[in-house]
Amino acid sequence: LNDDIGSALALNRLAVVFFKRKKYDLSYMYHGKHAQQADENDKFVAIYNAGISSRLLGEYHRAANEFQEALDISIPRNDYESMSLCHGQLAIANLLKGDIEQAQNDFTECIRIARDLKAVRMQLECLLCMAYISFDKKNW
């Protein structure tokens with residue numbers, strides 16, 4: 001195709017279809033192709049979604065790297081909602097790979113940003129995760 005935007009959109013749609021069918025390996029592959037084809041505005045979505053697929057494949061280190069890359073895209077744009085989402089996803093990936101301290105730091109940052117945005121649901125989800133960590137560590 002000679003339509004970069006259309007090609008990127010098609011790759012994203014394929015990735016979503018495979019994700020919904022729980023074929024996370026194919027979803028990951030198409031999110032990667034989408035990231036290569038996407039313009040700067042759409043690259044965040046492709047990388048963030050690749051991180052979710054990686055996490056579901058049990059590739060927690062790779063997922064954390066992808067969420068960090070998505071966060072790095074959102075920071076210069078001052079896209080606080082995306083930054084909050086990335087910190088939440090980073091926290092989950094770090095928790096799953098066993099880095100509890102970093103997970104707590106990421107959840108704390110997610111809550112801070114969500115509070116500034118008045119995103120109550122995001123705050124509650126992060127607080128529940130932090131409660132789980134504290135309970136699991138018997139740190140209460």
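Predicted model: local features only at pLDDT ≥ 70, side-chain atom pairs only at ≥ 80, totals over all residues.
Next I asked which residues of α4 are buried. I found Ala63, Ala64, Glu66, Phe67, Ala70, Leu71, Ile73 and Ser74. I then looked up what covers these buried residues; the cover includes α2, α3 and α5 (80-96).

**Aromatic pairs.** I counted ring pairs and got four. One of them is Phe18 with Tyr30, which is stacked, at 5.5 Å centre to centre and 15° between the planes. I placed both partners: Phe18 is in helix α1 (residues 4-20), Tyr30 is in helix α2 (residues 24-37), and 12 residues separate them. Is Phe18 buried or exposed? Its relative accessibility is 18%, and the cut-off for buried is under 20%, so I noted Phe18 as buried.

I turned to Tyr48 and Phe67. Their ring centres are 5.6 Å apart; the planes meet at 65°, so I logged the pair as edge-to-face. Tyr48 belongs to helix α3 (residues 40-56) and Phe67 to helix α4 (residues 60-74), so this pair ties together parts 19 residues apart in sequence. I checked burial here too: Tyr48 and Phe67 are both buried.

**Charge over a ring.** Last, I looked at Arg62. I found Arg62 over the face of Tyr28, 3.8 Å from the ring centre.

Technical notes: Residues numbered from 1 in each chain as written. Heavy atoms only, no water. Phe/Tyr/Trp six-rings, centres within 6.5 Å; stacked < 30°, edge-to-face > 60°. Helix = DSSP H or I, 4+ residues; strand = E, 2+ residues; numbered from the N terminus. Buried < 20%, exposed > 50% of the residue type's maximum accessible area, 1.4 Å probe, protein only. Lys NZ or Arg CZ within 6 Å of the ring centre and 35° of its normal. Contact = heavy atoms within 4.5 Å.
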